[in-house]
Amino acid sequence: MLEGAEFYFNVDHGYLEGLVRGCKASLLTQQDYINLVQCETLEDVKIHLQTTDYGNFLANETNPLTVSKIDTEMRKKLCREFEYFRNHSLEPLSTFFTYMTCSYMIDNVILLMNAALQKKSVKEILVKCHPLGRFTEMEAVNIAETPSDLFNAVLVETPLAPFFQDCMSENTLDELNIELLRNKLYKSYLEAFYKFCKNHGDVTAEIMCPILEFEADRRAFIITLNSFGTELSKDDRETLYPTCGKLYPEGLRLLAQAEDFDQMRRVAEHYGVYKPLFEAVGDGSGGKTLEDVFYEHEVQMNVLAFNRQFHYGVFYAYTKLKEQEMRNIVWIAECISQRHRTKINSYIPIL
Amino acid sequence: MAAQGLRAQVDSLLLQLLRDLEELEAKRAALNARVEEGWFSLSKARYAMGAKSVGPLQYASRMEPQVCVYTSEAQDGLQKVWVVRASAQTPEEVGPREAALRRRKGLSRTPEPESSPAPRDPLNWFGILVPHSLRHAQASFREGLQLAADMASLQIRIDWGQSQLRGLQEKLKQLEPEST
């Protein structure tokens, strides 16, 4: 790809970039969060959100208002914006958007397979799937017994098909295997997305590649942390780590051998980016968890993406920032509804 | 005198009742704290995993209980309540069965007796790699279960103590009608 995106980016994508920057300006500010934190009930939260860009999005909700309903409506709003961007996009931005939706598709596939394991009805789960990850073959997912079945019968026509290379096996889909499948699919997806951005080159690669490298390393750390004390073996664990991050290859090998949090921390100390993150983790129930620290770092990177023009990273960054905003609002709403206000200020301010 | 003995009994019963009430209050406060902690840890798990990943979508409407409640009569006629994990089977029959297997070592292996499959850990409804906040939530709720059983036993004892007290006070009134 020729360098010099500033010469021709606006021809195809200028309108959408302008639009997404407008949407980004309407994210909640610190003052909005302060107002939300002072609410006493979920009805107050609804009233405060009416003064923001969310407007009357909860107007049609019947009483009583629950946190889950707020989350569903926020998600629908994000989905409407995303679909608008996607419908007006041209190549290669459309492929970029398709890559973005693949992660939600993977979540939906896993949700449907778990539902099949629990013998739930497909119809009720289909309604609850993530709207950004909808694809036409979704209803047929529950008939598959093994990953090869799943691929051959259902997913071969979807964008998820290329990610199935490492996942084809004849094992029946029980809980452990579904978890392994989820992580392997996500690993292939992340590596493919990284390659796409890198091949695109230009400002997009400069912005998106560090973000995706961080995402890969974050997944490696979180998988390791959550696998302590489970039946997942170290070799299995190593096959789940995405290889497009800074930790590849030595860090991932060391991480696969880690057996507790301190060993993980020692691996992170070899990397200048991750050492300060691990130092910010509080111990026990007092301070921040590792996930909080990673979310903060992700928000910083996404906000910085808006400092450059003429790249696709603004769309990715906007979607991720909007999701963080949704997480913040859901957290504040849960603290209010459970009347447990000690940690209500643990949200991550964006603007 | 009979009245003196009765009064002593009333006193000791009252003291026991007050002790039980204090213990019940302490246990109730602990149970509330555990349940609050559990729900809060669930919120933290939702923050880490996604709001729809920890909720009714993940579990079936029919589920096998992991913990059962048993009651029994103690010697003073009071009912005692306690909780038992479903997988805790008494291993008494293993000994003789093993010996039987050993004796028949040369022959074809006897099929092992059908044991009920261990109930799945509800934590695995949400995946194998779950955040620690979800594990904390499970631990908090489990502690709360034992507390709830203790509270039930205490409540039964308190009710019985109250009725005993009322009975004794009636008797006392009958014995000394002029002192009321």
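Two salt bridges are counted between chain A and chain B, a salt bridge being a side-chain nitrogen of Lys or Arg within 4 Å of a carboxyl oxygen of Asp or Glu. In one salt bridge, the side chains of Lys52(B) and Asp71(A) meet at 2.8 Å, N to O. The model is predicted: local features need pLDDT of at least 70 and side-chain atom pairs count only at pLDDT 80 or more, while totals for chains, interfaces and linings use all residues. Residues are numbered from 1 along each chain as its sequence is written, chains are lettered from A in the order in which they are written, and side-chain values use heavy atoms, with hydrogens and water left out.

**Interface between chain A and chain B**

- Between chain A and chain B there are 17 residue pairs in polar contact, both residues at pLDDT 80 or more (a pair of N or O atoms within 3.5 Å; within protein, one must be able to donate a hydrogen and the other to accept it, and residues adjacent in sequence count only if both atoms are side-chain atoms).
- On the side of chain A that touches chain B, α15(A) gives the most, with seven residues (helices are DSSP runs of H or I, at least four residues, numbered from the N terminus).
- Chain A contributes 37 residues to the contact and chain B 25 residues, where contact means heavy atoms within 4.5 Å.
- About 2800 Å² is buried between the two chains, 55% of it on carbon and sulfur atoms (the accessible area, 1.4 Å probe, that two parts lose on being put together, summed over both).
- In chain A, the most area is lost to chain B by Gln118(A), Glu175(A) and Trp331(A), together 21% of what that side buries.

**Nonpolar cores**

- The largest nonpolar core has 105 residues, of which Phe96(A), Met113(A), Leu150(A), Tyr189(A) and Phe193(A) touch the most other members (a core is a set of buried Ala, Val, Leu, Ile, Met, Phe, Trp, Tyr and Cys residues joined through side-chain atoms within 4.5 Å; buried means under 20% relative accessible area, 1.4 Å probe, protein chains only).
- Helix α5 (residues 93-117) of chain A supplies the largest share of this core, 15 residues.
- Not counting residues up to four places away in sequence, Phe96(A) touches Phe193(A), Phe196(A), Cys197(A), Met208(A), Tyr312(A) and Tyr316(A).
- Another core, of 27 residues, lies apart from the largest one and includes Leu180(A), Leu252(A), Leu277(A) and Phe294(A).

**Ser153(B)**

- Ser153(B) lies in helix α3 (residues 132-175) of chain B and is buried, with a relative accessible area of 15%.
- A polar atom of the Ser153(B) side chain is 3.1 Å from the backbone oxygen of Val81(B).

Note on methods. Helix = DSSP H or I, 4+ residues; strand = E, 2+ residues; numbered from the N terminus. Buried < 20%, exposed > 50% of the residue type's maximum accessible area, 1.4 Å probe, protein only.
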